[in-house]
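Here is a short briefing for a first look at this protein. Start with the overall picture, then follow the topics below.

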Amino acid sequence: MDKVKKLLPLLLALLFLLPGEIHGVGEAAEGELPPNEGAAPLLLDEKGEPIPPDEIRNQDLLIHTREGIQQANLKEYNAYQEALAKPNEALLDAYFIGDFASGKELQAHNADAPHGIASVTKVMTIYVALDAIAQGKIDWKDPVTVSHKAAVITGSGYKSKEGDVFTVEELIHAGLIVSGNDAMIALAEHIAGSEEAYVLLMRKKAQELGLTSAHFINVHGLTDYTVDDYNRMSPRDIFHMTSSLLREHPVVLEISSRMTIQEPQRNFLGYNTNPLMGIVPEVDGFKTGYTNAAGRCLVATTQRGATRLIFVFLGAQNDMDRYAATRRMVEGALDRYQYQNLGNPEEPVKTLHLENASPRELEIYPAGMGQVLLDGEKELDYKLELSPIAPPLKEGAKVGTITYTQDGEAVYTTDLITHKSLRHPNPILRLQEYLARVFRDMEGAMG
């Protein structure tokens, strides 16, 4: 036994010195890597389960998720690229892009056909509520108790419960930001006594605005399968409705630009449903919608410099189609359409050379400056129309017009004026000039 104990250290030493033919349990053979060594570490989800590689959020593309704005995973990135390969008309049933200031149509597709609008309905629901506030019928801070009907409505919600109390302000925010169906029913019942009575107010407002395609059956936009009916409107009418709302109640932009609603006292966190908010910097609202009948819809507002545009997109088949088409069209329109100043009263557009007048050279200027929405894909030019010009002429006198055009279409016209008076030439000076010319001509002939 003593001999074994004496030999044991020697045997262990030999094991370490021998070539890699003998290995301990769990060791890797020479030239091999232990399991997973050199591989990317596995990412685990909240449950500790490995995340498949194509679901890891590491792509160079930002998207909205249930947890807010995040990087896309490979699946989402590929879906986005596939959507971008298609024309906008293949991704959307209808759209309308217009200028807020002028109401001018910039781009449109199926713009006048009524289409399901889903939760875009809430634009009108909130419009009527803001009218009621402006008229003093209700107040922002009025308490509203959630009814059973409001609490049990399906679809996107504010997660209210029967008996909960919210202010009118909180319900309006919930409708615009997280698209709360329950919030809209509660608001309607508070203002009109019932949802049905409130729908009549929405219809009346649509008539006042001249929205001939508008059809409302409820305040939230869900399809009523008991009668197989749903709210609908044309893209053009949605543009006009949104434009009018912004003019009458600009506070809606402050509301719809909020990224979240956070109410820790009831453990509620809701993210803005607008897929472009926080991703396209110029987007500052406005409202999304989705039902099977309507598809994925989006009304978006943008502001860049002096230019505010309103976009209406209806009928995308899925979230990624909507995101790809709307982002491409919004970013493209922002680059393409901009208000610019035309005509500078301090810069002459032409210098006239006159024979029988003093001074002999007369600069003419635009009388005014106009701020005009220009299309960056069209050529900008101008045309002068001059009146007969002869002395005497007072400073500031109209001598014609200047018309600015894009691809031949007039976009702005203003008068042309002088900044100096025009007089008859002095007879003595005129004779001196005449004799000087004669002598120059003679010298030239003799030389």
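Of the 447 residues in the protein chain, 43% are buried. The model is a predicted one. The chain has 12 helices and 20 strands. Among contacts with a separation of 6 or more, 60% join residues 24 or more positions apart. The protein chain exposes about 24500 Å², and carbon and sulfur atoms supply 52% of that area.

**Helix H8**

- Helix H8 covers residues 195–209. At 1.5 Å a residue, its 15 residues should span 21 Å, and the end C-alpha atoms are 21 Å apart, so the two values agree.
- The buried residues in H8 are Glu195, Tyr198, Val199, Met202, Lys205 and Ala206. They cover an arc of only 115° around the axis, so they sit on the same side of H8.
- The face turned away from that buried side carries the exposed residues Glu196, Leu200, Lys204, Gln207 and Glu208.
- Cover for the buried residues of H8 includes helices H4 (121–134), H5 (148–151), H7 (181–192) and H9 (235–248).
- Just after H8, Gly210 has a positive phi of about 75°.

**Helix H2**

- Helix H2 spans residues 74–84, with Glu76, Tyr80 and Ala83 buried. Viewed down the axis, these buried residues fall within an arc of 65°, so they line one face of the helix.
- The buried residues of H2 pack against strand E1 (62–65), strand E2, helix H3 (88–91) and helix H11 (319–336).

**Salt bridges**

- The structure holds 22 salt bridges.
- One of them joins the side chains of Arg57 and Glu76, at 2.7 Å from N to O. This pair links distant parts of the chain: Arg57 is in the loop between helix H1 (2–17) and E1, and Glu76 is in helix H2, 19 residues apart.
- Arg57 counts as partly exposed because its relative accessibility is 30%. Glu76, at 18%, counts as buried.
- Lys205 forms a salt bridge with Glu208, with the closest N and O atoms 3.8 Å apart. The two are 3 residues apart in helix H8, so about one helical turn separates them.
- Lys205 is buried, with a relative accessible area of 9%. Glu208 counts as exposed at 53% relative accessibility.
- The side chains of Asp415 and Lys398 also meet in a salt bridge, 3.5 Å from N to O. Asp415 lies in strand E20 (409–418) and Lys398 in strand E19 (398–406), so the pair ties together parts that are 17 residues apart in sequence.
- Asp415 is partly exposed, with a relative accessible area of 31%.
- Salt bridges that share partners join Asp131, Lys205, Glu208 and Glu248 into one network.

**A nonpolar patch and a loop residue**

- Leu62, Ile69 and Met259 make a nonpolar surface patch of about 210 Å².
- Ile69 is found in strand E2 (residues 68–71). Its relative accessible area is 32%, so Ile69 is partly exposed.
- Ile279 sits in the loop between strand E10 (268–271) and strand E11 (283–291). At 12% relative accessibility, Ile279 counts as buried.
- Leaving aside neighbours within four places in sequence, Ile279 is in contact with Leu62, Ile63, His64, Ile69, Tyr323 and Arg327.
- The C-alpha atoms of Ile279 and Arg327 are separated by 9.0 Å, while the residues are 48 apart along the chain.

**Strand E13**

- Thr307 lies in strand E13 (residues 307–316). Thr307 counts as buried, at 2% relative accessibility.
- Not counting residues up to four places away in sequence, Thr307 touches Thr302, Tyr337, Gln338, Tyr339 and Leu373.

How values were computed:
Residues numbered from 1 in each chain as written. Predicted model: local features only at pLDDT ≥ 70, side-chain atom pairs only at ≥ 80, totals over all residues. Heavy atoms only, no water. Helix = DSSP H or I, 4+ residues; strand = E, 2+ residues; numbered from the N terminus. Buried < 20%, exposed > 50% of the residue type's maximum accessible area, 1.4 Å probe, protein only. Contact = heavy atoms within 4.5 Å. Areas by Shrake-Rupley, 256 points an atom, 1.4 Å probe, with all protein chains shown as cover. Expected span 1.5 Å × (residues − 1). Arc of directions from axis to C-beta. Patch = residues over 30% accessible without salt bridge, like charges linked within 9 Å, V, L, I, M, F, W, Y side chains within 5 Å. Salt bridge = Lys/Arg side-chain N within 4 Å of Asp/Glu carboxyl O.
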